[in-house]
Amino acid sequence: MFLDSKAAIYDSKRNQDNLKAVVDLGMTGNKDPLQVVANNLTIMYSEMIRGNADVYDFMGQPYREGTAVNPGPGSSERGSHTAIHVFVGDPREPSGEDLGNFYSAGRDPLFYCHHANVDRMWTLWQYFLPSNKVPDKRITDPDFLNASFLFYDENAQLVRVTVKDTLDNLRMGYDFERVDLPWLDYRPPPQTLKAKIIRTGTTAPKAETLFPLKLEKVVRFQVSKAKKGKADELLVLENITVDTTKFLKFDVFVNDEDDNALELDKAAYAGTYAQVPHKTANKTATTSIRLKLTDLYDDMDIGDDDTIVVTLVPRHQGPGVTIGGIKVIENPPATSSS
Ligand SMILES: [Cu+2]
């Protein structure tokens with residue numbers, strides 16, 4: 001349906017190599033379609049089920065007047081959502097137009113299909129996925145609930161719509177078809193003993209000696225855990241300075257036994273940072289992400305380890321990302337006394 005130039009959904013500015021390809025949410029460069037599907041299912045499982053400790057990890061950190069841009073994108077936004085934009089955008093165009101750049105994405109009719117599907121993920125995550133064990137999925141912050149936007153309705157009348165009016169799709173008059181979710185139970189297989197042995201013998205440097213880190217190649221290092229052994233913990237990557245005009249993506253692996261970065265369907269895959277390029281005056285932003293490790297530990301022989309080995313794998317070319325720091329904290333984080 002994407003090849004028919006007379007179809008309403010057609011756009012000439014799309015990556016011609018991807019018109020018939022299996023969508024690649026991981027952008028690892030893997031050419032084996034079966035492995036790409038396995039990677040996709042793992043990414044969806046990670047961003048929908050296993051990777052988030054609270055509602056902000058999924059939805060993104062609060063962004064309000066006075067806050068710096070891009071305080072921290074949510075797992076679905078930076079993962080599968082970004083991937084679709086970049087996968088469809090046309091590399092023959094100067095800035096990946098149409099879908100591959102923020103400013104031009106809405107010119108491709110596919111944008112509306114894609115974002116309707118993002119909305120579907122939000123609805124699924126909020127109301128239909130008890131297995132992701134996030135204790136409270138509501139955002140009660142009045143700045144969020146009362147934020148409003150102006151739209152023209154079907155009678156060309158200007159109407160104000162608040163965020164709280166839009167949180168329940170049934171109230172908006174539509175519902176999503178119930179379909180199978182192949183990623184729902186796609187938990188990667190547990191690691192073997194080999195991973196434990198490799199980790200024990202690691203010569204990877206300590207994170208403190210590497211950060212702040214300009215991420216331009218694969219980097220492997222040790223990070224101290226908050227508690228020994230299996231624990232409810234989060235990996236925090238903070239003060240990530242990004243060039244907002246570029247496509248940037250890196251994957252995070254924990255205690256990876258084989259360092260085969262073309263395959264994501266393994267316990268070691270902890271999550272992703274990725275962004276759609278913007279054409280903006282403000283060319284840098286500082287952001288952070290949190291990745292829940294608790295369920296990863298369940299699939300590893302972690303013993304009473306007091307460190308993890310983290311591997312960062314950039315998927316973009318050249319500079320653009322500097323990571324200020326990395327640490328493991330307890331979940332829920334200890335509240336500061338200030
Ligand atoms: Cu988008």
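His-85 is buried in the predicted model, with a relative accessible area of 3%, and His-81 is likewise buried, at 10% (buried denotes under 20% relative accessible area, exposed over 50% and partly exposed in between, with a 1.4 Å probe and protein chains only). Because they are 4 residues apart in helix 3 (residues 75-88), His-81 and His-85 are separated by about one helical turn; helices (H or I, at least four residues) and strands (E, at least two) are DSSP runs, numbered from the N terminus.

The copper ion has as protein donors His-81 (NE2), His-85 (NE2) and His-115 (NE2), which lie 1.9 to 2.1 Å from it. Donors are N, O and S atoms within 2.8 Å of the metal (3.2 Å for Na, K and Ca); water is not among the atoms, so sites may look incomplete. The spacing of the donor residues in sequence is H-x3-H-x29-H.

This is a predicted model, in which local features need pLDDT of at least 70 and side-chain atom pairs count only at pLDDT 80 or more, whereas totals for chains, interfaces and linings use all residues. Residues are numbered from 1 along each chain as its sequence is written, and side-chain values use heavy atoms, with hydrogens and water left out.

An open sheet is formed by 4 strands in the order 4-9-6-7, with antiparallel pairing; two strands pair if DSSP finds at least two bridges between them. Its edge strands, each pairing on one side only, are strand 4 (219-224) and strand 7 (269-275). Strand 4 pairs with strand 9 (residues 307-314) over 6 bridges, and Val-309 in strand 9 is the bridge partner of Gln-222.
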